[in-house]
Amino acid sequence: MATDDVCFYTISNASYFPGLVALINSLILTGHTQTIRVGDCGLTPAQKAVLATCGQVELIALDPAKIRNPGQYKAFAHIANATGTAVIIDSDMIVTGSLAPLIAQARRGGICAFPNPIDDRWYAQWEEIFALKRPPRRQVYVCSGFVAFSTDRWPHLLERWWQACEAIHSHPTYQEGSEWGSPTAQSDQDALNAILMSEYETDAVSLAPIEKQVYRWDFRFLETRDPHTLECRFQGHTPLILHAALTSKPWEEKGAAHDTYFVFLRRLLLGRDVAIRLPPDLLTSVTASGLVPWFRRQSCFVKNMGVIEYGLSCLPPATCIRARHVKDRLREKYLQFRRKGATSAPGGAVLLTEEVQAGDQA
């Protein structure tokens, strides 16, 4: 399959730089030879100099004075005059295999995207907020972290997405403390879905197989097969994308966890065979090499994951997954026991509803 018409588009600022490098290196390691255009939302001169060492990367400068939430610039491919097949991809993703099947969906004319974990999000207010041509209908709400489509088949999509994002530059998103129930809390993702639900037919969207993307809250269930090739398994499937959604990010002290994503992250930042190798001063305190960073990582793992979860993560992959399932089943049964209100306890004691509620609040 020809790939010379494909281009990847991602955005990043200084704080997302480790994730950006991991994304780029993962794309190249998994055989993607196409140009990767990076929308610069506030990278440092040192970071830009490192990116310049990779021939596949092309930096696109964006006006930092206008950038409040970088996500609202995700459709910058519009001002970069995108042609052919555009693949919009988040810089907190690691690609673990060939994206050719998803790109093929786009080539066949579909707007390829994954269903969002909360796939029924919908607001009537979108019609006014985004100046839609028609009221939005209810359909599967998609994740804007990966969107692939033909600019020949859908020549106005990027422009409309860009315009919709511009319409909410002054609207708070969840990153600025907005309630999740706000119609614009999901920023560029709400903008994209509003357009798709109003100005495009239902069958324009070609849903990617849901099992091919693993979100952050499921990283603990991943089985690391081979860090060198980025091979992993999730519930019997081989995923293509690991998405470190939400904050804090895994390369930060508050977000670091001993899971497959973190193992792959350090392999992609420190490996001798990667396209972009980071100098020590551009590594974070939990991704760097050395004894002090090692102790810092372990401390963060225990703090962020908890002692039990961290202990489980140190078991062999298959044993770890089975043990976690047992732990989760026991926890669920324990919570069901607490929620019953008044339940006989061992020895004939009775737990009253008020006591259970007080315990839950504590």
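Trainee: Which residues of helix H5 are buried?

Mentor: In this predicted model, the buried residues of H5 are Leu157, Leu158, Arg160, Trp161, Trp162, Ala164 and Cys165. As a general idea, an α-helix has 3.6 residues a turn, so residues three or four places apart point the same way. In H5, residues 157-166, seven of the 10 residues are buried, so the helix is largely enclosed by the rest of the structure.

Trainee: What covers the buried residues of H5?

Mentor: The cover includes strands E4 (85-89), E6 (111-115) and E7 (142-150), along with helix H6 (188-199).

Trainee: What is the relative accessible area of Ala100?

Mentor: Ala100 belongs to helix H3, residues 100-107. Its relative accessible area is 25%, so Ala100 is partly exposed. Ala100 and Gly31 lie 69 residues apart in sequence, and their C-alpha atoms are 9.8 Å apart in space.

Trainee: What is the strand order in the open sheet of three strands?

Mentor: The order is E5-E12-E9, and the pairing is mixed. E5 (93-95) and E9 (213-215) are the edge strands, each pairing on one side only. From one strand to the next, the twist averages 15 degrees.

Trainee: How many bridges join E5 and E12?

Mentor: Three bridges, in the antiparallel sense. Ile94 has Leu242 in E12 as its bridge partner. Helix H7 (residues 260-270) lies across both E5 and E12, at about 75 degrees to E5.

Notes: Residues are numbered from 1 along each chain as its sequence is written. This is a predicted model: local features need pLDDT of at least 70, side-chain atom pairs count only at pLDDT 80 or more; totals for chains, interfaces and linings use all residues. Side-chain values use heavy atoms; hydrogens and water are left out. Buried means under 20% relative accessible area, exposed over 50%, partly exposed in between (1.4 Å probe, protein chains only). Helices (H or I, at least four residues) and strands (E, at least two) are DSSP runs, numbered from the N terminus. Contact means heavy atoms within 4.5 Å. Two strands pair if DSSP finds at least two bridges between them. Axes are lines fitted to C-alpha atoms, for helices over the stretch in contact, and angles run from 0 to 180 degrees between N-to-C directions.
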